[in-house]
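I opened my notebook next to the model and looked things up one by one. Here is what I wrote down.

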Amino acid sequence: MPDLLQRCLDSIPERDDIQVIVVDDDSDPSRVDFGHFPGAGRKNLEVVFDKQGRGLGNVRNVGLDHARGKWVLFCDADDFFAEDFPAILDEMAEAEEDLVFFGVRSVLSENPAIPAPRTKYVNEYIWGYLHNDHDESNLRYCFPIVMCKLFRREIIERHSIRCSETHWGSDIYFSAQYACVSPRIRVTEKIGYVITVRQGSLISNFCGTRAEVADRLQEALKAERLYAQYHLPKPKSGYLSNLFLWITYKKHGFLWCLRACLSFLFRPYLFKAMSLFLIKRLAYKTGLKKSHRK
């Protein structure tokens with residue numbers, strides 16, 4: 001939606017040290033006026049019209065191909081940046097770290113003055129690190145979204161890191177690759193990013209379809225196989241697939257999970273992960289029934 005993209009662009013300060021890349025993923029001409037595209041005439045803004053229609057992962061990769069700065073930051077067109085964003089950029093401009101985390105908040109897209117309960121878990125990772133254990137592993141390996149992070153572009157290019165070209169979960173494997181090769185992190189509580197909630201967005205019905213579950217699970221398991229290559233502890237390396245399986249179970253129930261598990265029979269690694277999860281759930285449910293009978 002052009003109005004949401006314009007809102008996003010308006011939240012980015014116009015500065016000589018900021019390059020803005022907008023990638024249009026084959027928008028519908030009946031909804032977008034290409035003669036008056038958002039951001040036209042803005043300094044240091046480049047619009048790339050990609051006609052492939054291959055989804056968010058491809059869009060992010062196209063943006064990476066055009067990036068030239070020291071740092072890379074991703075933003076969805078229906079989100080925007082918070083008031084502290086310029087201060088975060090100033091603070092991190094000369095940072096020696098390779099991966100920077102900052103806080104987020106969520107609001108209703110139609111009325112940004114109204115908070116939305118979507119980002120509590122994101123900030124819990126940050127607050128937990130700063131105020132409790134300073135354990136990097138939670139931030140690095142269990143926090144896959146790419147928003148509210150600054151990535152050093154030199155590391156992205158040196159290791160040829162790109163997003164998966166899936167419809168859902170395209171940032172999971174990107175975050176995993178980067179987490180394994182970025183030596184130093186920095187974390188700030190400053191709120192730099194605002195995630196919006198609106199009807200019809202990709203996230204509004206999280207894991208609501210079988211296709212989405214398949215994409216997210218596949219990407220989580222890819223990430224976990226990568227973590228295994230780096231010999232990470234098992235509790236961390238199994239976190240993502242367990243999370244998505246639990247969400248699937250809660251959204252669709254036990255029998256739906258079983259049907260999905262059988263549908264992945266020809267992808268052995270995915271079938272194995274789902275099978276183990278369902279076996280544990282069945283054992284848990286059976287134990288509950290026995291305890292009630294007593």
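Where is S160 found? I found S160 in the loop between α6 (153–158) and α7. Helices (H or I, at least four residues) and strands (E, at least two) are DSSP runs, numbered from the N terminus.

Some ground rules before I go on. This is a predicted model, where local features need pLDDT of at least 70 and side-chain atom pairs count only at pLDDT 80 or more, while totals for chains, interfaces and linings use all residues. Residues are numbered from 1 along each chain as its sequence is written, and side-chain values use heavy atoms, with hydrogens and water left out.

**Entry: two positive phi values**

I noted that phi of S160 is near 50°, which is positive although the residue is not glycine. S160 is exposed, with a relative accessible area of 56%. My cut-offs are under 20% relative accessible area for buried, over 50% for exposed and partly exposed in between (1.4 Å probe, protein chains only).

C148 is also a residue other than glycine with a positive phi, near 60°. I looked up its place: C148 lies in the loop between α5 and β6. Is C148 buried or exposed? C148 is buried, at a relative accessible area of 0%.

**Entry: the sheet**

In what order do the five strands of the open sheet come? I read off β3-β6-β5-β7-β4, with mixed pairing. Two strands pair if DSSP finds at least two bridges between them. The edge strands are β3 and β4 (80–81), and each pairs on one side only.

Next I followed the bridges of β6. Strand β3 (residues 71–72) is joined to β6 by two bridges, and these strands run antiparallel. W71 has R152 as its bridge partner in β6. Strand β5 (residues 99–108) is antiparallel to β6 too, with three bridges between them. On that side, F101 stands opposite K149, and L99 stands opposite F151.

Then I checked which way the side chains go. In a regular strand the side chains alternate between the two faces of the sheet. In β6 (residues 149–152), K149 and F151 point one way, L150 and R152 point the other way, and all of them are buried.

**Entry: rings**

How many aromatic pairs does a search of the whole structure find? The search gave me 10. Rings of Phe, Tyr and Trp (its six-membered ring) pair if their centres lie within 6.5 Å; planes under 30 degrees apart count as stacked, over 60 as edge-to-face and the rest as tilted.

F101 and F143 make a stacked pair, 6.0 Å centre to centre with 25° between the planes. F101 is in strand β5 and F143 in the loop between α5 (136–141) and β6, so this pair ties together parts that are 42 residues apart in sequence. F101 counts as buried because its relative accessibility is 0%. F143 counts as buried at 0% as well.

My next pair was F151 and Y178: the ring centres are 4.9 Å apart and the planes at 80°, so the pair is edge-to-face. F151 is in strand β6 and Y178 in helix α7 (residues 172–181), so I had another link between distant parts of the chain, 27 residues apart. F151 and Y178 are both buried. I also saw that F74, F151, F174 and Y178 form one aromatic cluster.

**Entry: charges over rings**

A charge sits over a ring if NZ of Lys or CZ of Arg is within 6 Å of the ring centre and within 35 degrees of the ring normal. The charged end of K149 sits over the ring of F143, 5.0 Å from the centre. R152 lies over the face of W71, its bridge partner, at 4.7 Å from the ring centre.

**Entry: a cavity**

I searched the whole structure and found one cavity of 30 Å³ or more. A cavity is a set of points on a 1 Å grid over the protein atoms alone where a 1.4 Å probe fits but cannot get out, and lining residues have an atom within 4 Å of a point.

Which residues line the largest cavity? I listed L99, F101, L139, R140, K149, F151, S175, Y178 and A179. The elements giving two or more residues to this lining are β5, α5, β6 and α7. The largest share, three residues, comes from α7.

Definitions and conventions. 1 Å grid on protein atoms, 1.4 Å probe; cavity = no way out; pocket = protein on both sides within 12 Å on 5 of 7 lines; lining within 4 Å. Points joined across faces, edges and corners; volume = space filled by probe spheres on them.
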